[in-house]
Amino acid sequence: MSLKAKTALVTGSTSGIGLAIARALAAEGCNVVINGFGDPAAIEAERAKIEADFGVKAAYDGADMTDGAAIAAMVANAEKTFGSLDILVNNAGIQHVAPIDEFPVDKWNQILAINLSSAFHAMRAAIPGMKARKWGRIISTASAHSLVASPFKSAYVSAKHGIAGLTKTAALEVATHGVTVNCISPGYVWTPLVEKQIPDTMAARGMTKEQVISDVLLEAQPTKEFVTVDQVASLAVYLCSDAASQITGANLSIDGGWTAE
Ligand code: NAD
């Protein structure tokens, strides 16, 4: 089955991994709804570029992933605008790094809301339509931190472990309805956010760019190479294909060997 004329909603898709997934699904013929924060003109340019590059329809919904009612409304709007919502990608996420005894309570609540509860709200709203149409794909961007921990990332690690559990539960509930539910767990992904940290770290530690990448950023990643956003997007597209119809409840690592250690 082709993905042509299916509709995909990708949360947190104004940049990084989410934007790459939205563009990759559009390249397969999906109409897409993008979501996330940022400069309105830059978001409109990305939306228009998806339509121009791939000849599909692209809409933008600015729903805040901390707001369950706004998430439900976004799913309803996608169904109304395009006639169905067939693919849901829960991707929005933020990070905050601090020891537990100093972790700001508002940051804990925000990370749990954006990185975990938003996926519950979106699934809750999207599953009835997918079951009625007997086809659906739900994919969440988890992380290597859904499988292993790092210090000072309590909220992020808790939320990502939660995504892995939510994925398994949802997969069992919809298994006989033609709907698969999986999560993808990347290691360090090369994004502008990561790239921008390099010059400061070079200066602070007196290291070359190569040393910063290998010994600081990629210390935990055995290949010593970043995952690319396009590699994550390719896996998401594969999970939407018929070839992947028996993959459900899975947590698929794409982490250069990080969680093998
Ligand atoms: P990013 O910062 O480039 O993208 C995050 C997206 O989420 C943006 O579009 C942002 O606007 C959106 N967002 C943030 N708060 C929001 C809110 N309240 N409501 C709506 N949208 C909101 O980051 P990224 O690296 O592309 O991360 C995407 C996902 O991948 C996250 O879930 C992240 O945890 C996960 N991930 C990233 C890496 C990595 O190394 N970059 C590794 C593993 C997992």
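Predicted model: local features only at pLDDT ≥ 70, side-chain atom pairs only at ≥ 80, totals over all residues.
Q: Which helix gives the most to the lining of the largest cavity?
A: Residues are numbered from 1 along each chain as its sequence is written, and side-chain values use heavy atoms, with hydrogens and water left out. Helix 4 and strand 5 (136-141) each bring at least two residues to this lining (both are DSSP runs: H or I over at least four residues for helices, E over at least two for strands, numbered from the N terminus). The top contributor, with 4 residues, is helix 4.

Q: How much space lies in the largest cavity?
A: A cavity here is a set of points, on a 1 Å grid over the protein atoms alone, where a 1.4 Å probe fits but cannot get out. The structure holds 1 cavity of 30 Å³ or more, volume being the space filled by probe spheres set on points joined across faces, edges and corners. The space in the largest cavity is about 60 Å³.

Q: How many residues in the lining of the largest cavity are polar?
A: Lining residues have an atom within 4 Å of a grid point, and here they include N90, N91, N115 and S118. Asp, Glu, Lys and Arg count as charged, Ala, Val, Leu, Ile, Met, Phe, Trp, Tyr, Cys and Pro as nonpolar, and the others, Gly among them, as polar. The lining has no charged residues and 4 nonpolar ones, and the polar count is 7.

Q: Which helix gives the most to the lining of the largest pocket?
A: A pocket is an open set of points with protein on both sides within 12 Å along at least five of seven lines; the largest holds about 1500 Å³ of space. Of its 46 lining residues, G93, I94, Q95, Y156 and L193 are the closest to its centre. Helix 1, helix 4, helix 5, helix 6 and helix 7 each supply at least two residues. The one that gives the most, with 5, is helix 6.
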